Amino acid sequence: MQQSNAAVESSGQFRYRATADWARWPQDWQILEVAAVATDSRDRVFVFSRGDHPVAAFDPAGELLFSWGAELFNRPHGIWIGPDDAVYCTDDLDHAVRKFMADGTLLLTLGISGRPSDTGATSLDYRTIRQAGPPFHYPTNLAIAPGGELYVSDGYGNARIHRFSAVGELLHSWGEPGAGPGQFHVPHGLAVNGQGTVFVADRENSRIQLFSPEGEFLDQWTDVARPCDLAIDGAGRVYVAELGHLAGRWPGWGPPPAGAAGGRVSIFDSGGTLLARFGGGQHPCHAGDFFAPHDIWLDSQGDFYVAEVVRSASGNRKPQTGDYHTLQKFTRIPETVR
């Protein structure tokens, strides 16, 4: 399948130029797939990838600035950059979240490296979890609240959200395996809006759950297809990276049903009304469409980046056919130039 490197995509009142494989990687680097992406206060783009250069920073045009983290991580999974430009990296297979300065200097570690909590889980398959447990068992992502508190989704081998103080003291945890309110099947990503509401991408329940800062269930949105992560802009709009039902299917699931949605990005208003939707997985090698969206981040200009885990979502191997991208940039096209 031939890939188009750039395309203009429109949905609702949103219009973007999508650029596939936006980052200009050095030719001698091994980049297996991009797990996560985030930008700092200068819109430098930090890419958390699975390969020999785990953390790489690029300018907004895609030019490499620097990299670090070789041999530091077991398996990169999530990244978040705080208002002070500190970089938080979630390593799911190491059961830890680490806080770094932008240059890679370690500042803080949450969890005990290599030591999972006791949830009964025997693998990354969430179906092996027997009970909820303390931090961490295959954690997935972190988000920072306006007041500085740290929220961590503990997703593959646990079914909990953990709330920490800004200095790493565990304050509270909530959640258990299941499909009811406040229960989770792979809480995979999360974000906190300006009012402190915690949005959790409850992936295998195909919903986004909303909670108070203390973990009280408030609402759920179900017009999503296996959401992996989300980002919230200054107007309260919620941008959701959805894995969809065509890729990353668990053993025993069988083929997807006819008409099932593939990878996509959806934009909702603060009340959960759908405003725009991009992709759908019908042309996953083309710019603007997706195979396995895994992470999403908004920069200060209103542009967003989407990371995709193509190998992981296709049985931990490179697909035999197709030129699949693993990191796209969607550049907002202003109203005046439409």
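Contact here means heavy atoms within 4.5 Å. The structure is a predicted model, and the exercises below work through parts of it.

**Exercise 1. Describe the surroundings of R226: where in the chain is R226 found, is R226 buried or exposed, and which residues is R226 in contact with?**

Solution. 
Step 1. Locate the residue. R226 is found in the loop between β18 (217-221) and β19 (227-232).
Step 2. Read the accessibility. The relative accessibility of R226 is 1%. Buried means under 20% relative accessible area, so R226 counts as buried.
Step 3. List the contacts. Leaving aside neighbours within four places in sequence, R226 is in contact with R203, E204, S206, E242, L243, G244, H245, A247, G248, R249, W250 and W253.
Step 4. The side chain of R226 reaches the backbone oxygen of A247 at 3.0 Å. A polar atom of the R226 side chain also lies 2.9 Å from the backbone oxygen of G248.

**Exercise 2. In what order do the strands of the open sheet that contains β11 stand, and which strands are at the edge?**

Solution. 
Step 1. Write down the order. The open sheet has 4 strands in the order β11-β12-β13-β14, with antiparallel pairing.
Step 2. Find the edges. β11 (141-144) and β14 (170-174) each pair on one side only, and they are the edge strands.
Step 3. Strands of a sheet pair through backbone hydrogen bonds, either parallel or antiparallel.
Step 4. Check two pairings. Between β11 and β12 there are 4 bridges in the antiparallel sense, and L142 has V152 as its bridge partner in β12. Strand β13 (residues 160-164) is joined to β14 by 4 bridges, also antiparallel, and W174 in β14 is the bridge partner of I161.
Step 5. Examine the hairpin. There are 5 residues between the strands in the hairpin of β11 and β12, where G148 takes a positive phi near 100°.

**Exercise 3. How is the aromatic pair of Y151 and W174 arranged?**

Solution. 
Step 1. A pair of aromatic rings is described by the distance of the centres and the angle of the planes.
Step 2. Read the values. Among the 25 aromatic pairs in the structure, Y151 and W174 are 6.3 Å apart centre to centre, with 70° between the planes.
Step 3. Classify. Planes over 60 degrees apart count as edge-to-face, and this pair is edge-to-face.
Step 4. Y151 is in strand β12 (residues 150-154) and W174 in strand β14, 23 residues apart.
Step 5. Check burial. Y151 counts as buried at 1% relative accessibility, and W174 counts as buried at 6%.
Step 6. Look elsewhere. Ring pairs also link Y16, Y239, F278, F290, F304 and F330 into a cluster.

**Exercise 4. Where are D85 and N316 found, and is each buried or exposed?**

Solution. 
Step 1. Note the backbone angles. D85 is not a glycine, yet has a positive phi of about 70°. N316 is not a glycine either, and has a positive phi of about 60°.
Step 2. Locate both. D85 lies in the loop between β7 (76-81) and β8 (87-91). N316 lies in the loop between β24 (304-308) and β25 (327-332).
Step 3. Compare accessibility. D85 is buried, with a relative accessible area of 15%, whereas N316 counts as exposed at 63% relative accessibility.

**Exercise 5. Which residues does the cis peptide bond join?**

Solution. 
Step 1. Identify the bond. The cis peptide bond joins P135 and F136, with omega about -20°.
Step 2. Locate F136. Its place is in the loop between β10 (106-110) and β11.

Key:
Residues are numbered from 1 along each chain as its sequence is written. This is a predicted model: local features need pLDDT of at least 70, side-chain atom pairs count only at pLDDT 80 or more; totals for chains, interfaces and linings use all residues. Side-chain values use heavy atoms; hydrogens and water are left out. Two strands pair if DSSP finds at least two bridges between them. Helices (H or I, at least four residues) and strands (E, at least two) are DSSP runs, numbered from the N terminus. Buried means under 20% relative accessible area, exposed over 50%, partly exposed in between (1.4 Å probe, protein chains only). A polar contact is a pair of N or O atoms within 3.5 Å; within protein, one must be able to donate a hydrogen and the other to accept it, and residues adjacent in sequence count only if both atoms are side-chain atoms. Rings of Phe, Tyr and Trp (its six-membered ring) pair if their centres lie within 6.5 Å; planes under 30 degrees apart count as stacked, over 60 as edge-to-face and the rest as tilted.
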